[in-house]
Amino acid sequence: MLENIPLLAVAAALASLLLAAYYARVVNAADPGDDTMRGIAAAIREGAMAFLRREYRAIAIFVVLLAVVVFAVLPDLRPWGSVALVLGAAFSALAGFVGMRIATAANVRTAQAARQGADAALPLAYRGGAVMGFTVAGLGLLGIALAYYVFVEVLRVTDAFQVVAAFGLGGSSIALFARIGGGIYTKAADVGADLVGKVEAGIPEDDPRNPATIADNVGDNVGDVAGMGADLFESYAGSIVAPMVLAALLFGGVDAATKAVADDFTLLQEATFLYPLLVAALGMFASILGSFLVRGRPGRSLSSQLHFGTNVAMVITAAAAVWAATWIFGDVPQVENALFLGAPIVLGLAAGYLIGFASEYYTSDHYGPVKRLAKQAETGPATVIIGGVAEGMISTVASVGLIGAAIGGSYWLGSQAFVGDLAASGGLYAAAMAAVGMLATTGAVVAVDAYGPISDNAGGIAEMSHLPPEVREVTDSLDSLGNTTAAVAKGFAIGSAALTALALFRAYTQAVSIDSIDLTEVGVIIGLFVGAMLTFAFAALTMKSVGRAANDMIVEVRRQFAEIPGLRDGREGVKADYARCVDISTKASLREMLLPGALAVIVPLAVGFISAEALGGLLAGALVTGFLVAIFMANAGGAWDNAKKYIESGQHGGKGSEAHKAAVVGDTVGDPFKDTSGPAMNILIKVMTIVALVFAPVFL
């Protein structure tokens, strides 16, 4: 029976892709509005797809070069390591392309549906996001299941689990550059539009007079749809790969000397290899069921409607995973309590949910932190920035506590599940499985996250199309909820990054025969400091990139206001040069993403060739600081953003007040925090650990 689990995973993946196709048809069948709305939506789609094509061409060069390096320096993986890497990159790119196409179709249809109220617009925006979510999860699970089945079960290629890891590295390559490039694009446009439009010109957000407004709406898609989709594709694939590779290293199945896969796996080996795929398949089916429960229900809060499907999916996944553990490990002689291997999945799900709630607490205007930040805006931008930095820093306490509890609890459960000498190995395996649990419902999580930029775009289209004010009120309510769902999804992504990177880190140390990281060794200490420094250097490079790109955008918007007669006054027939601003963001983001992206791959390779122990220290330093910086930046940025929106709702003087201007400055500072540097940090720590794992044979 166990041999059918990869086929079950393939079936779950195909069901997910079929659901995405169905939701795409539902979205495309909806009313796209009048000619003005369709024209604006077409401009957004054209800009988004043009950027994606240019970005993918640039990333393709990097992927090919990396595949050549794998082929050249890892003879045991030839040619399959390079093939798997390219496939991982291709699947991730395809998910981003499909998601972007539907998101840019759903935005205008959501704006039109908002004429009938939030209960009509919300399910349509959700289904647009669900196409991204279930495409990401479906292609991720399909790729891993096929990679395992073909390379391990059928071909039994040399170092087969390293080949499966190479699939994850391909997805990571796309995620790294898509997140950085998309983040730079969207924030350059957003900062330019806000500072010149709102603060200097005093015109509303998404006003058609603002030349950067189309670029800003394009940026919502390339950053928060394609970028986040690639991010969670990589997280999802990595979370499944990590325990499989770790199980191969801890429990055998691959000959340590020849790297050959055993002709027959023991029951322990087969169960530990396949349990991650089984949990992912069960989570996929639960997410599919949950997606049908998100419907417009009059009288219920938007938040409860949107999260209902995800919550149901989590409960079903938790119950199914516990049952699956008792089934798959029940007859394994080395496991004395199979139930204890299902509990880490529950812990991972609970930790992901609670990290998401912690992010919501610090970023939603329903709670104290954002309300305090809005109050501080009355005394100027300096106090807003100080308050936001403080809230972001203090928010790390809850997330670290939750991750620590998930790791410690999972390790203890795993150590109790296994017999005798396998207790420590079982603990490490269970900790890796907690990450699978956290991301088992990725389809539902990404669907809720991608809903946000669709709603944001819908508001922009409503504003630019001069729809009635009540329509914009509906889209604003959807957008405000979208900011919170984005913060929750970032919490899931960052939390899973910590657990996945920990599992990959342990797999690396096992692969290079490092039993422990000795902090008395000079090389390890140097690596530790270099790894900690890398996260700050990475954050600085990406923020500087946003600053330079935003500067170009600000200069251009000011130029158009000064040189195009009647533009600032809204004279009839006078239009801004939107294409020029789109081009500025596109060129700047593609130029600026190269250095920080290359840094994440080149530095661990360089250190690994010098000392495998020093690379272990580097990964440890980067993992700890990267997790903290990611949480800090994501929550601080979200708090600044929603403090501004809270004031815009009429609090503390409302739009146009001094408090509002101060909050806009805070939001502008927070933009690269929450949408560029912070989200890219979790990819950084996983890319470095998976690079170390794939290239571990060379470091020996």
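Mentor: Here are some terms, each set against its cut-off. Keep in mind that this is a predicted model.

Trainee: What makes the chain as compact as a globular protein of its length?

Mentor: First, the chain has 20 helices and zero strands. Its radius of gyration is 24 Å, close to the 27 Å that the globule rule gives for 700 residues, so the chain is as compact as a globular protein of that length. Its C-alpha atoms fill a box of roughly 75 × 55 × 45 Å along the principal axes.

Trainee: What share of the residues is buried?

Mentor: Buried means under 20% relative accessible area. Of the 700 residues in the chain, 65% are buried.

Trainee: Why is Val154 called exposed?

Mentor: Exposed means over 50% relative accessible area. Val154 has 51%, so Val154 is exposed. Val154 lies in helix α4.

Trainee: Which nonpolar patch includes Val154?

Mentor: A surface patch of about 710 Å² accessible area together, with Leu7, Trp80 and Tyr149 also among its residues. α3 and α4 each supply at least two of the patch residues. The largest share, four residues, comes from α4.

Trainee: How do you know what span to expect for helix α8?

Mentor: The expected span is 1.5 Å times one less than the number of residues. Helix α8, residues 302–328, has 27 residues, with 39 Å expected. From first C-alpha to last, α8 reaches 40 Å, close to that value.

Trainee: Where does α8 bend?

Mentor: At Phe308, by about 40°. That angle lies between axes fitted to the seven residues ending there and the seven starting there.

Notes
Residues numbered from 1 in each chain as written. Predicted model: local features only at pLDDT ≥ 70, side-chain atom pairs only at ≥ 80, totals over all residues. Heavy atoms only, no water. Patch = residues over 30% accessible without salt bridge, like charges linked within 9 Å, V, L, I, M, F, W, Y side chains within 5 Å. Areas by Shrake-Rupley, 256 points an atom, 1.4 Å probe, with all protein chains shown as cover. Salt bridge = Lys/Arg side-chain N within 4 Å of Asp/Glu carboxyl O. Buried < 20%, exposed > 50% of the residue type's maximum accessible area, 1.4 Å probe, protein only. Rg over C-alpha atoms; globule rule 2.2 N^0.38 Å.
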